[in-house]
Amino acid sequence: MSIGEELTEKLAYKISFYIPLGDFKIPVPHSVVVTWGVMAFLVIVSIIFTRKMKIVPGKRQAFIEFCIEKLYNIFYDILGERGKRYIPYLLTVLLYLGISNMLGLFGIAPPTKDLNTTAGLALMSIILIQYAGIHQRGVGGWLKHFGHPIAMMAPMNILELIIRPLSLCMRLFGNILGAYIIMELVHIVAPAVVPLAAGAYFDIFDALLQAYVFCFLTSLFIQESIMDDD
Amino acid sequence: MLTLNMSAFWIVFNIIILFILLRIFLFKPVMGIIEKRQKLIQGQLDDAENKNKEAGELKSRYEESLKSAKEESFQIVNEAKERAQVQYAHIIEKANDDAAQIVQQANKAAEADREQMMRSAQAELAEVALAAASKVLGNSVDAEANRNMLDQFLAEKGSDK
């Protein structure tokens with residue numbers, strides 16, 4: 001098997017199994033199964049860390065409190081008091097992406113290398129951004145906001161409805177897929193020490209950075225849609 | 001590799017489930033405990049402040065009452081002093097009066113004694129003189145007449161003195 005064939009096989013879009021629903025069969029892709037694993041991991045870790053919470057925290061509780069508070073404050077600084085209701089969602093996505101992107105480290109294909117995953121996330125982001133705008137300004141104010149700062153900008157602002165989720169989706173997908181391809185190539189070409197160094201960059205640094213960028217941009221767009229016009 | 005299909009909705013569904021689960025198991029407990037702690041600490045701080053304020057009030061009240069007690073004691077001492085002064089003056093006056101009265105009485109008694117003595121001395125002297133004269137003149141002298149004469153004499157002498 002040549003390198004090209006090996007790589008193509010690794011990158012193929014795989015369906016793990018089908019859920020039968022009468023005549024119709026729902027395909028469950030590999031990325032969804034991995035996502036379930038990530039979800040289970042996050043929930044179990046959460047339960048372990050938040051068991052028996054006390055006013056005076058132990059080491060375990062202090063650690064989780066510190067982490068959550070730090071992450072919370074990152075988004076709070078961007079969104080402020082008005083947008084703090086969206087922070088738990090952003091934290092959820094951040095934790096999910098952070099864990100998912102790093103899965104390459106354990107030889108599991110990250111679910112974010114599946115375009116469907118990032119597209120779904122970007123879709124949710126743009127819906128949330130528009131919802132935040134409607135929630136803050138009302139439907140009229142939200143519609144009027146498309147003509148902001150001047151009416152001539154309306155086509156651009158409407159285009160942004162497509163451009164923003166597309167860029168979010170493609171940036172994440174491209175980065176993770178690229179990192180995955182490079183890591184697979186490195187594994188094939190030099191399986192000994194090199195994957196360690198390369199993995200530190202692609203599977204840890206870039207993975208966390210992309211998770212952060214995705215959530216950071218989403219929160220920035222939300223902030224933009226809820227801030228005052230002046 | 002670049003497959004976009006309906007399975008994009010899987011992630012929407014999954015993220016919503018994950019969001020709900022993390023809300024229940026992570027965000028709510030952590031945020032809840034942080035909020036609870038904040039409230040507790042805030043409550044304790046407020047409590048401490050209240051107690052401080054109360055203590056300050058109590059202190060100022062005690063100080064005031066101490067001051068008033070001091071003033072009162074001062075006043076009481078002053079009053080006592082004044083009263084003592086008055087009593088003292090009164091006693092001295094009374095003593096002076098008494099002494100004066102006693103002296104007066106003594107004087108009066110002495111005067112009376114002296115007069116008495118004088119009178120008895122006069123009477124005795126008259127008798128002695130009469131006896132001497134009757135000795136000289138014999139018993140012929142009229143006792144009544146002589147006595148009168150002598151009294152007159154004595155009275156003259158007495159007034160001369």
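What volume does the largest pocket have? The largest pocket has a volume of about 430 Å³. Before I continue, two remarks on conventions. This is a predicted model, in which local features need pLDDT of at least 70, side-chain atom pairs count only at pLDDT 80 or more, and totals for chains, interfaces and linings use all residues. Residues are numbered from 1 along each chain as its sequence is written, chains are lettered from A and ligands numbered from 1 in the order in which they are written, and side-chain values use heavy atoms, with hydrogens and water left out.

A pocket here is an open set of points on a 1 Å grid over the protein atoms alone, where a 1.4 Å probe fits, with protein on both sides within 12 Å along at least five of seven lines; lining residues have an atom within 4 Å of a point. The volume is the space filled by probe spheres set on the points, which are joined across faces, edges and corners.

The lining of the largest pocket comprises 15 residues, and A:Tyr72, A:Lys84, B:Phe27, B:Met31 and B:Glu35 lie nearest its centre. Seven of the lining residues are nonpolar, two polar and six charged; Ala, Val, Leu, Ile, Met, Phe, Trp, Tyr, Cys and Pro count as nonpolar, Asp, Glu, Lys and Arg as charged, and the others, Gly among them, as polar. Helix 1 of chain B provides the largest share of this lining, seven residues. Helices are DSSP runs (H or I, at least four residues), numbered from the N terminus.

I turn to the largest nonpolar core. Such a core is a set of buried Ala, Val, Leu, Ile, Met, Phe, Trp, Tyr and Cys residues joined through side-chain atoms within 4.5 Å, where buried means under 20% relative accessible area with a 1.4 Å probe, protein chains only. The core has 57 residues, and those touching the most other members are A:Val93, A:Tyr96, A:Leu97, A:Leu121, A:Ile222 and B:Ile15. Helix 1 of chain B gives the most to this core, with 10 residues. Beyond its neighbours within four places in sequence, A:Val93 is in contact (heavy atoms within 4.5 Å) with A:Leu121, A:Phe214, A:Cys215 and B:Ile15.

Finally, A:Lys113. This residue sits in the loop between helix 4 and helix 5 of chain A. Is A:Lys113 buried or exposed? A:Lys113 is buried, because its relative accessible area is 12%. Leaving aside neighbours within four places in sequence, its contacts include A:Lys10, A:Phe173 and A:Tyr180.

How values were computed. Helices (H or I, at least four residues) and strands (E, at least two) are DSSP runs, numbered from the N terminus. Buried means under 20% relative accessible area, exposed over 50%, partly exposed in between (1.4 Å probe, protein chains only).
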